[in-house]
Amino acid sequence: MISLAIPDLSGNERKYLNECIDTTFVSSVGPFVERLEKMVAEIAGCKCGVATSSGTTGLHTALVSYGIGRDDLVIIPSFTFIATANAISHCGAVPWLMDIDPVTWTLSANQLRTELYDNTETQDGQLIHKGTGRRVAAIMPVYTLGNIPDMDSIVNISRDYNLPVIADAAAAIGAEYKGKKVGELADCTVFSFNGNKTVTSGGGGAMVTDNEEIAKRGKHISTTARISTEYDFDMVGYNYRMTNIQAAIGCAQLERVEEFVNKKRHIRETYNSLLSECDGVSLFPELENTRSSCWFSGVVIPDGNPDKLREICVILKEKGIEARTFWKPIHLQKPYEHAICAKTLEQTENVWDKILTLPCSTSITDEEIEIVTNTLKELL
Ligand SMILES: *Cc1c(COP(=O)(O)O)cnc(C)c1O
């Protein structure tokens, strides 16, 4: 079986795990958590890092750190993994769903500008959504597959409306945009280290920022809001701590982040060159000004639909190849069927059910990629 995305744990993972066991530091106390926080901040180009138990809890921590709470609105693209919307719901807030740019598959800066202009007004120094009376509290772009949206425009718009930009960079570690590292683009940036991401800690996440106040708050909130070594707490906190075991694996993985991202980029390039002449498919986007972290690779089937893609996946599986469909947008998900949506989500609807992700583990060989592409060509 050629798997979709399995981790490569052949570095220092075993050695560091043994250290956890030998020292008895298996829980959230221990040196690896702090080491991971330093490493991830440096890789992202930020001063501070806060490790969390998952990407989702990292997003929730970041939102709470910025004061986002009940009934607030947070802008996200509808084309994302459900965790982006769920983290907002966990604050008691509501997502405001916007469309994507068809080239990058990330938040459309043009629509963001228009939607804010048409639908908001300032009341008592707060930005209010006219249709619902809710406060608009933040913009959360998603770095889809490691692609970066037009962040120059998004940040400019955010300054015009005085909104923080909190990026869901779950799978974008190692990405760069116009010479900047991935954490230098937004006010706060969140990664996931889930098992299928480019860098994994088994499960885990981290938020990074240059804002020391926010980082301090994030750490406090995510570690039960304890204020002394005794049982004193100053708010309702969360137990979103990463354990030393998770961080041990994460540190070993982060040591190889350059190698992994280069490999992911090579996989994307190889698929795109092998499939460039193939009828009935178009390629995953290749972006100017961006070093995408190319989390997943695959193809777009322009005349595809969910049934057709599912059928392709079944046939590929019979031939020993694991392929999958990709994110179903938030506005089509049951818990968000009454969500607040932009005027049109046309680009999202055009692309989401045409994407087929193909095997792209960092350990995949060029020969295996060729087997996948030849099988796919035959099938189509
Ligand atoms: C993986 C992912 C998440 C969630 O991360 P977990 O670590 O699984 O909680 C959130 N957003 C996006 C865009 C993701 O790809």
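Is Val26 buried, exposed or partly exposed, and what is its relative accessible area? Val26 is partly exposed, at a relative accessible area of 37%; here buried means under 20%, exposed over 50% and partly exposed in between (1.4 Å probe, protein chains only).

A word on the model: it is predicted, local features need pLDDT of at least 70, side-chain atom pairs count only at pLDDT 80 or more, and totals for chains, interfaces and linings use all residues. Residues are numbered from 1 along each chain as its sequence is written, and side-chain values use heavy atoms, with hydrogens and water left out.

Val26 sits in the loop between helix H1 (13–23) and helix H2 (31–44); helices (H or I, at least four residues) and strands (E, at least two) are DSSP runs, numbered from the N terminus.

Most residues other than glycine have a negative phi.

| Residue | Phi | Relative accessible area |
|---|---|---|
| Asp71 | near 75° | 44%, partly exposed |
| Leu145 | about 60° | 1%, buried |

Asp71 belongs to the loop between H3 and strand E2 (73–77), while Leu145 is found in the loop between strand E6 (136–139) and helix H6 (151–161).
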